[in-house]
Amino acid sequence: MTQPLLQRYRPYLDLPEHTQLVTLSEGNTPLIPLPRLAEQLGGGFELYVKYEGLNPTGSFKDRGMTAAIGEAVGRGAKTVICASTGNTAASAAAYAARAGLKAVVLIPQGKVAAGKLAGAVAYGAQVLQIQGSFDDALHLVVELCQRHPIALVNSLNPYRLEGQKTAAFEICDVLGAAPDWLCLPVGNAGNITSYWMGFRQYNQLQQSGLPRILGVQASGAAPLVLGHPVEHPETVATAIRIGRPARGEQALQAAEESGGRIIAVSDEQILAMQKTLASEGIWVEPASAAGLAGFAAEVEAGRIQPRGKRVVAICTGHGLKDPDIIVKSMPTPPQIAVNLALIEEAVLAPTI
Ligand code: AN7
């Protein structure tokens with residue numbers, strides 16, 4: 001069995017003594033090379049996807065949740081709560097179940113992908129749909145936690161960030177150094193903040209170098225690009241449908257300090273990259289394709305010259321979490337009788 005993340009990286013994580021080990025074997029996700037896509041973008045550089053969809057509940061949130069829930073149970077909490085666009089909810093529900101805690105999740109009504117909602121229910125969380133946005137839900141859970149002894153496990157909780165730093169450590173350990181560019185989607189901005197904390201810390205300890213960070217928002221939910229909150233965020237990438245990122249300032253600082261930036265891409269660009277990744281055998285949910293979509297757009301516009309560089313794109317969640325978009329857009333597969341001749345005809349017919 002591989003060592004749990006929190007044990008492996010414990011000396012580098014600022015967690016209280018009372019933190020317990022609550023693990024589902026999160027982390028240790030692969031870096032998958034994408035030579036064909038690199039070639040399409042001009043070639044001469046190394047491109048990898050870090051496939052965070054392979055975490056136990058299908059997203060990167062598990063890295064932070066093992067820490068936040070372990071801390072909460074260690075200090076005697078009985079209930080944890082979060083607002084979520086879906087993945088945090090499923091992850092909080094799973095780790096709370098593992099630790100024997102009650103989980104409550106607030107989600108924006110009708111805006112959470114089927115696989116995430118089903119996950120939260122399956123793991124036994126109390127699910128409340130809010131007739132508002134993620135930002136409204138986050139506001140409510142913060143208020144609630146000020147009134148009651150309930151542990152908040154959104155990324156406002158500092159232990160979430162500590163756990164999520166481990167992804168940066170893993171990349172440095174596998175590549176032997178930090179990449180030149182790190183690209184990732186940005187929603188509530190906890191993850192970009194964690195990566196920058198992790199890379200800086202490893203660089204101080206091991207001179208592993210620092211990446212430039214390209215944070216990517218959806219153009220209908222791009223407060224950090226616009227420079228002001230978005231009241232009614234809208235995007236096909238529901239995971240990052242967030243108009244008031246809790247860690248927005250830190251995200252901007254991370255991008256700037258690293259020599260990178262935060263940009264926005266359209267829903268069309270996101271879905272096109274989701275398709276491209278699937279054509280490489282990697283099915284991710286729409287939000288997860290945003291980082292790489294942004295990188296491709298920057299390369300195509302000549303704003304990033306990748307030649308000779310090493311680039312890592314973070315794919316934050318699995319495609320199975322959000323099958324709706326694929327199911328809705330696909331033609332219904334033809335129904336055929338149990339008849340060899342008919343099947344033969346269909347199989348041998350030329351495809352487009
Ligand atoms: C697949 O689950 O905010 O910038 O409530 O699910 O750290 O918020 C999800 C965010 C990227 C953005 N990719 O990360 C939630 C939630 C996926 C995500 C993000 C999310 P942050």
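Q: How much space lies in the largest cavity?
A: In this predicted model, the largest cavity holds about 320 Å³ of space. A cavity here is a set of grid points where a 1.4 Å probe fits but cannot get out.

Q: How many cavities of 30 Å³ or more does the structure hold?
A: The structure holds one cavity at that cut-off.

Q: What takes up the space of the largest cavity?
A: The ligand does: the space it takes is the largest cavity.

Q: Which residues line the largest cavity nearest its centre?
A: The lining counts 29 residues, and those nearest the centre are Phe-60, Lys-61, Gly-187, Asn-188 and Ala-239. Two or more lining residues come from each of H4, helix H7 (158-164), H9 and helix H13 (286-300). H9 gives the most, with three residues.

Q: How does the lining of the largest cavity divide by class?
A: There are 15 polar, 11 nonpolar and three charged residues in that lining.

Q: Which residues are closest to the ligand itself?
A: A shell is read with a distance cut-off, here a heavy atom within 4 Å. The ligand is surrounded by 23 residues, with Asn-87, Thr-88, Gly-187, Asn-188 and Thr-316 the closest. Helix H4 (87-99) and helix H9 (190-206) each supply at least two residues of this shell. By class, the shell has 12 polar, nine nonpolar and two charged residues.

Q: Where does the protein place polar atoms by the oxygen atoms of the ligand?
A: A polar contact is a pair of N or O atoms within 3.5 Å. From Ser-84, a polar side-chain atom lies 3.0 Å from a ligand oxygen atom. Thr-85 has a backbone N or O atom 2.8 Å from an oxygen atom of the ligand. Gly-187 likewise places a backbone N or O atom 2.8 Å from a ligand oxygen.

Q: What share of the ligand's exposed area does the protein bury?
A: The ligand taken alone exposes 470 Å², and 99% of that is buried by the protein.

Terms used:
Residues numbered from 1 in each chain as written. Predicted model: local features only at pLDDT ≥ 70, side-chain atom pairs only at ≥ 80, totals over all residues. Heavy atoms only, no water. Polar contact = N/O pair within 3.5 Å; in protein donor to acceptor, adjacent residues only side chain to side chain. Areas by Shrake-Rupley, 256 points an atom, 1.4 Å probe, with all protein chains shown as cover. 1 Å grid on protein atoms, 1.4 Å probe; cavity = no way out; pocket = protein on both sides within 12 Å on 5 of 7 lines; lining within 4 Å. Sits in = over half its atoms within 2 Å of the grid points. Helix = DSSP H or I, 4+ residues; strand = E, 2+ residues; numbered from the N terminus. Nonpolar A, V, L, I, M, F, W, Y, C, P; charged D, E, K, R; others polar. Points joined across faces, edges and corners; volume = space filled by probe spheres on them.
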